[in-house]
Amino acid sequence: MPTEPTLTDSQPAVSRAELEPASAPRPPAPARAPVPALTLAAAMLGSALITLDATVVNVALPAIGSSLGGGMSGLQWVVDAYTVALAALMLSTGAFSDRAGASRAYALGVAVFTLASAACGLAPGLATLIAARVVQGVAAAVVLPASLALVRQAYPDPGRRGRAVAAWAAGGSTALALGPVAGGALTTVWDWRGIFFVNLPLGAAALVLLLRAPRSERRPAPLDLPGQATAVIALTALTFAVIEDGTTSAAAWAVAVAAAALFVRIESRQPHPVVPPGLFRDRAVRVAVAAGAACSVAFYGTIFLFSLFLQQVQGRSALYAGLLFLPMTGVIPVTNVVAGKLAGRHGPRLPLLLGQALAVAGLAALFGVGPRTPAAVVALLLVPMALGVALSIPTLTAVMLDAVPDERAGLAAGVLNSARQVSGGLGIAVFGALVPGGFTAGMRASLSVAAALLTLTLWLSFRLAGRPATRA
């Protein structure tokens, strides 16, 4: 039988490497090609996380108050600490994303948001929870513009990019719709801390998906740090002034007014201001910002009020309350699409006026809700207001962007989104201040405030509709 050759003393000793045939050096392994769909998935997941946290907390507020105390003002800060930080910093985080590179900014924002979520879930007291919510808001302000920049980077073809942006927006709308339901389910099945712990695996998944995204280039982008700092001080002080009482409120009003005046002065002298004063010279911009703010007061304020009303006044469970919001929030993604089609076919006038009028009518219908109102009736009465807001917002955004030059489109969108977030937070602060004297009466007073604001912006929009835009 054949045998393997062996070495003898008469043969020169050779190594195994010499016995084996020589081979050429191995080429380096090719880098994995970026997959646009995975980049889009990462961007959608991060954006959905940020949007989810804007509404998921509301249904858990009674449980948080029972666990950590703090009264109504403490619960308002649990919501507004996140909202104010997000809104104030959104003015300049787009520029930060450009300077750092969208992929780096996104990774940093998601990582910080995830760690802050863990801190929220582990918070031993209300002060710690509120502080962690501020960090969440700061991180969220970085994630939102960076996620959209990643989508733009992954899809250079305009046609495919448009579909990708639509998918990105739909992901945010779906998260908004699921927020109250998810909050109720997690609070009932697990604990209020579960609404924060669930962000940990989702944040980790977003970072893993980001590994297949190419590194983004850094681009020079000016930062207006003095303007950004005074904006944060003014908005935070204003929120303090509305929520707190007595001497603290008076001091906060003074700080808010001084910081706002300084902000205007800085912006008028900055070569690259975060909010160019000239942006508001066009009436369409002013109306779009005002109407967007009124819509946010109505929408976020109503969710805040009825989350507490359903549980504290009617005695519903957190899960039951969350499910009652599903008809209201579930219509939003579909209605956003309908608004775009209506505007494309009939122009912005129809959805702009119809949406705000429907929101006012919906708020008026909610005046009759009381402690004995059946749950199914409450759920149905919440729908018209949400329909009206969902019709209005896409149209207002289009009106805003049509009124500014192309190079200011990102800035204009940032200003509009920031105004909406700030107004939603302030609306919650005002409504929370109105209800302690008697919840049902305070709730009706709050709904009256929201209806009055929307009636005013409806009138302004009626005067604006059909008027040709003048570029700022």
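Two exercises with worked solutions follow, both on a predicted model.

**Exercise 1.** Determine how helix 13 is oriented relative to helix 18, and which classes of residue make up their contact.

*Solution.* Begin with the axes: those of helix 13 (residues 283–313) and helix 18 (residues 383–402) come within 9 Å and cross at roughly 155°. Because angles over 145 degrees count as roughly antiparallel, helix 13 is roughly antiparallel to helix 18. The handedness comes next, and the crossing of the two helices is left-handed. Turning to the residues, helix 13 contributes a set that includes Ala 284, Val 285, Gly 292, Phe 299 and Thr 302, and this set meets residues of helix 18, among them Met 385, Ser 392, Leu 396 and Met 400. Sorted by class, the contact has 15 nonpolar, three polar and no charged residues.

**Exercise 2.** Find the cavities of 30 Å³ or more in the whole structure, and state for each which helix gives the most to its lining.

*Solution.* The search returns two such cavities. The largest holds about 50 Å³ of space, and its lining consists of Ala 54, Val 79, Thr 83, Tyr 300, Gln 421, Gly 424, Gly 425 and Ile 428.

By class, the lining of the second largest cavity has five nonpolar, one polar and no charged residues.

Technical notes:
Residues numbered from 1 in each chain as written. Predicted model: local features only at pLDDT ≥ 70, side-chain atom pairs only at ≥ 80, totals over all residues. Heavy atoms only, no water. Axes fitted to C-alpha atoms, helices over the stretch in contact; angles between N-to-C directions. Helix = DSSP H or I, 4+ residues; strand = E, 2+ residues; numbered from the N terminus. Parallel < 35°, antiparallel > 145°, perpendicular 65-115°, else oblique. Left-handed = near helix turned anticlockwise from the far one by under 90°. Contact = heavy atoms within 4.5 Å. Nonpolar A, V, L, I, M, F, W, Y, C, P; charged D, E, K, R; others polar. 1 Å grid on protein atoms, 1.4 Å probe; cavity = no way out; pocket = protein on both sides within 12 Å on 5 of 7 lines; lining within 4 Å. Points joined across faces, edges and corners; volume = space filled by probe spheres on them.
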